[in-house]
Structure formats: C-alpha cells, structure tokens
Amino acid sequence: MPDVLVGPDMTASLAAWVSSLPLQAGLLASQAGQLLVALVAVAIVIVVGKFVLKLAWRLVTIGIVLVAAFFLLSTIGII
C-alpha cells in the first residue's frame, strides 16, 4: 500500500478552511445564531445522556439484584 504524503501547507489550509466555516455562514455572528448553536449542543448532550442513563439504570438494577441475592445466600449460610 503506497504511503500518502501530506505537506504542512495542506493541513494548515484545511484547518483554516474548517475554522472559517461558521464565520462564512454567519451562524455565530448574531446572538440568535449563538443561542441556536448552544441549544442544539444542549439537545445533543441530553439525547446522548438519555441513552447512557438508561444503560446505567439497568446496570445498577442488575447489580442490586446480584448483591442482594449474594447477601441473602451468605446470610443463610449457603455461600
């Protein structure tokens, strides 16, 4: 597989182009645009957090059941 060579000027121009995108679109130029970006970011955090917390609740519930079963079995003397 041939190596891909990237010159230093190529990465710098790409970084400059990417960093100038929101300014070209004018999205962050106004307070309403900044508010929109902030609300979209909060919405993404909430949606991702919802799925993470759903998984966390399942793991905590399974842990409670396993520890309670182990506790009861050790109290009875089986384990």
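Which residue takes a positive phi just after helix 2? Please keep that in mind while I describe this predicted model, in which local features need pLDDT of at least 70, side-chain atom pairs count only at pLDDT 80 or more, and totals for chains, interfaces and linings use all residues. Residues are numbered from 1 along each chain as its sequence is written, and side-chain values use heavy atoms, with hydrogens and water left out.

The protein has two helices and zero strands, where helices (H or I, at least four residues) and strands (E, at least two) are DSSP runs numbered from the N terminus. Helix 2 covers residues 31-76, and V37 sits within it. Of its 46 residues, the number buried is one, so helix 2 lies largely in the open; buried means under 20% relative accessible area, exposed over 50%, and partly exposed in between, with a 1.4 Å probe and protein chains only. V37, at 33% relative accessibility, therefore counts as partly exposed. Across the protein, buried residues make up 1% of the 79 residues.

Finally, to return to my opening question, the residue is G77, which has a positive phi of about 105° just after helix 2.
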